[in-house]
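Here is a short report on side-chain packing and helix geometry. Keep the sequence and the 3D view open as you read.

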Amino acid sequence: MREGDDLFFAPGVRFSDVDLLGPRLAEHYRARIYGFNLDPARLCIHHGYAFAAGLLLVSTIDFMAGLHHSAEALDGREVGDDFRRFARQKLRSFASDDLARRLYSHFRNGLSHEARMKNGGEFSFNWRQTVRQLGGRLCINPANLLEEVEEALERQLAELSENNAMRAQAAERLRTLFAREFGIIERGRRAV
């Protein structure tokens with residue numbers, strides 16, 4: 001995000017200020033996830049926009065999964081493995097292989113590639129549980145999913161704060177993902 005001459009990693013955090021090697025990385029990562037994803041998702045939920053909230057949450061899960069599993073060897077991994085494993089391990093309502101797979105293929109892929117959920121999937125506030133299966137369709141309550149994503153984020157932040165090796169791996173992943181943005185800052189040039 002750009003404001004004037006400054007390029008921001010998160011609201012209030014310029015790319016030039018990101019503490020890639022220090023203990024403030026978790027704080028900066030938290031500011032990004034909440035500022036660009038979770039706070040807007042909460043606003044969408046508050047105003048009844050289930051689809052928009054769900055879209056933000058699924059993209060957040062995708063980003064968090066990539067950062068969480070960034071250090072693992074790529075040998076033998078398939079596209080989507082990180083997302084599915086993160087969902088199974090970090091989101092209590094998606095602990096089964098089937099639900100994690102369907103969250104990835106029906107929601108993540110559908111939303112990312114076609115701006116829709118596949119196989120009749122839906123977001124709705126009409127029930128209390130996070131996940132409901134209706135006639136073979138997967139239905140997700142984004143308000144409850146937000147809570148689960150926040151819980152997963154808090155655990156991830158604790159790991160980033162306490163584990164130097166994980167923090168270094170996450171920093172390298174962020175450097176890779178945002179190579180152009182960090183490169184622009186490091187070279188002292190503005191983005192075009």
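## A buried arginine

Arg102 is buried in this predicted model. Its relative accessible area is 6%, under the 20% cut-off for buried residues. Arg102 sits in helix 4, which covers residues 97-114.

What does Arg102 touch, leaving aside residues up to four places away in sequence? The contacts are Phe107, Gln133, Gly136, Arg137 and Leu138.

## Aromatic pairs

The whole structure holds eight aromatic pairs. One of them joins Phe83 and Tyr104 in a tilted arrangement.

Phe83 is buried, at 2% relative accessibility. Tyr104 is buried too, at 8%.

Phe9, Phe15, Tyr29, Phe63, Phe178 and Phe182 make up one aromatic cluster. Arg32 lies over the face of Phe9, 5.1 Å from the ring centre. Arg32 also lies over the face of Phe63, at 5.8 Å from that ring centre.

## Helix 6

Helix 6 runs through residues 164-177. At 1.5 Å a residue, its 14 residues should span 20 Å. The end C-alpha atoms are 20 Å apart, so the model agrees with that expectation.

Which residues of helix 6 are buried? They are Met166, Arg167, Ala170, Ala171 and Leu174. Viewed down the helix axis, these buried residues fall within an arc of 140°, so they line one face of helix 6.

At the start of helix 6, a side-chain oxygen of Asn163 comes within 3.0 Å of the backbone nitrogen of Ala165.

Conventions:
Residues are numbered from 1 along each chain as its sequence is written. This is a predicted model: local features need pLDDT of at least 70, side-chain atom pairs count only at pLDDT 80 or more; totals for chains, interfaces and linings use all residues. Side-chain values use heavy atoms; hydrogens and water are left out. Helices (H or I, at least four residues) and strands (E, at least two) are DSSP runs, numbered from the N terminus. The expected span of a helix is 1.5 Å times one less than its number of residues. Buried means under 20% relative accessible area, exposed over 50%, partly exposed in between (1.4 Å probe, protein chains only). The arc is that of the directions from the helix axis to the C-beta atoms. A polar contact is a pair of N or O atoms within 3.5 Å; within protein, one must be able to donate a hydrogen and the other to accept it, and residues adjacent in sequence count only if both atoms are side-chain atoms. Contact means heavy atoms within 4.5 Å. Rings of Phe, Tyr and Trp (its six-membered ring) pair if their centres lie within 6.5 Å; planes under 30 degrees apart count as stacked, over 60 as edge-to-face and the rest as tilted. A charge sits over a ring if NZ of Lys or CZ of Arg is within 6 Å of the ring centre and within 35 degrees of the ring normal.
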